[in-house]
Number of protein chains: 2
Amino acid sequence: MSFTFEPIGIIHSCFKEKFGIPRQSGLIPEAEGQLEILPPYNRPEAFVELQSYSHLWISFIFHQAMRDAWRPSVRPPRLGGNRRVGVFASRSPFRPNPLGLSVVELQGVEQQGEQIVLQLGGIDLLDGTPVVDIKPYVPYCDAIPGARSGFAPEPPGAPIELTFAPQAEATLAQLPPQQAEQLRRLIQRILEIDPRPAYHRNSVKRRDYGMRLYDFNIRWRVDAETVTLTRIEAFQEEPV
Amino acid sequence: MSFTFEPIGIIHSCFKEKFGIPRQSGLIPEAEGQLEILPPYNRPEAFVELQSYSHLWISFIFHQAMRDAWRPSVRPPRLGGNRRVGVFASRSPFRPNPLGLSVVELQGVEQQGEQIVLQLGGIDLLDGTPVVDIKPYVPYCDAIPGARSGFAPEPPGAPIELTFAPQAEATLAQLPPQQAEQLRRLIQRILEIDPRPAYHRNSVKRRDYGMRLYDFNIRWRVDAETVTLTRIEAFQEEPV
């Protein structure tokens, strides 16, 4: 017995690679993206009344985490990466069926000709992610604020002192002010939830990290207590 | 591009047929069931720490609602069954990918030899439902009590005056007291959320309804303002 699903849409995201993506949705409201609905599902009737909901569930495929074999236990980053829990007690992308679930803010439903695009906020989704279903978020059954949560009772992250180096400020200064401000806030938020591997966190060694956001490569340095955004560079597609 | 999923488990439910099932999970805490984990996923390591969570997300297949064709709009029972909304603005089982999503209470994880069974409460799942994934409910990202909910802002249902006819009382009296009490409460709750088709609700006509719960057929009558549980009978499997 098996079941075959087809994508109903595809995600366009500020997150162009896995490193740096928040590990749950909603943690970074500034993380925006679009869900482009694929034919034959791009029928306006299929989205009537969707805008009366502020949030959506997105069921998607962990397309960059598909493996031939599954493993019964995982080491969640939240536990420092050295304690094992059951794969079903985690939201790890490496699971028997590579199905992901995120609740996102619905900012708008846009129709242009044959195209239907949902504007989303608070995403934790990689660019190119195939989406297999969307459902409205219904607070009277979905919101259980008092649910008991084992090893992850609180959101990750804490405010950090982040300095932008002159090169990074120079790149931001070349962007339209609104885009620069949005990128600055997004970077601040991503670094606050600290995408570093758990085993780097208590290290005193200076290290450099990088990730791609929209069409920019960003680089930062963590040195004991200080975090510096060292570079923001336009991403160059490698010649094929 | 398509993705194939295999069931990791199967639901054993008090709900043996579609009619009468609450239309969202959590509405009837007394609705209990089991998730039996199928091989090769019945590995104890895969469930380590799951019991530190009180609630689970279950991604399942609407196995009795699979259709060859999808339709872009549906008529939700909550809207009286005569107003159309987009299929993606609904949780209708009839959707492009027949994927369901329910949050349920996790009452226990039981292991007996090779078997692993999760005890669940507040289910809205049909007996025999194939489950493709389970994930812990994480309140800091999943609970959004203030989310805006369009046409279904409040849970359905209202207290009703329910009378048990002598035949129904006689059947209950033959059961162990705890089972009888549980069945009585479950019936009361199911009738409070009113499984009748929307177009019957404002009718003054007396009508009889029936559904199967556990191994009982139950029958009830709605007559203007009164609801009577007329019969509770042991379900007899039809001879093959």
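**View 1. B:Leu213 sits across from B:Phe216 of β12(B).** This pair belongs to β11(B) and β12 (residues 216-223) of chain B, which run antiparallel and share 7 bridges; strands count as paired if DSSP finds at least two bridges between them. Strands here are DSSP runs of E with at least two residues, and helices are runs of H or I with at least four, numbered from the N terminus. The model is a predicted one, with local features needing pLDDT of at least 70, side-chain atom pairs pLDDT 80 or more, and totals for chains, interfaces and linings using all residues. Residues count from 1 along each chain as its sequence is written, chains are lettered from A and ligands numbered from 1 in the order written, and side-chain values use heavy atoms, without hydrogens or water.

**View 2. Here's the whole open sheet: 4 strands of chain B in the order β10-β13-β12-β11, with mixed pairing.** β10 (162-164) and β11 (207-213) of chain B are at the edges with a single partner strand each, so one side of each has no neighbour in the sheet.

**View 3. Chain A meets chain B through 76 residues on chain A and 76 on chain B.** Contact means heavy atoms within 4.5 Å. There are 6 salt bridges between the two chains, a salt bridge being a Lys or Arg side-chain nitrogen within 4 Å of an Asp or Glu carboxyl oxygen. One of them links B:Arg91 to A:Asp142, with the closest N and O atoms 2.3 Å apart.

**View 4. β1(A) pairs with β1 (residues 3-5) of chain B, antiparallel, over 3 bridges.** Look for A:Phe5, which lies opposite B:Phe3 of β1(B).
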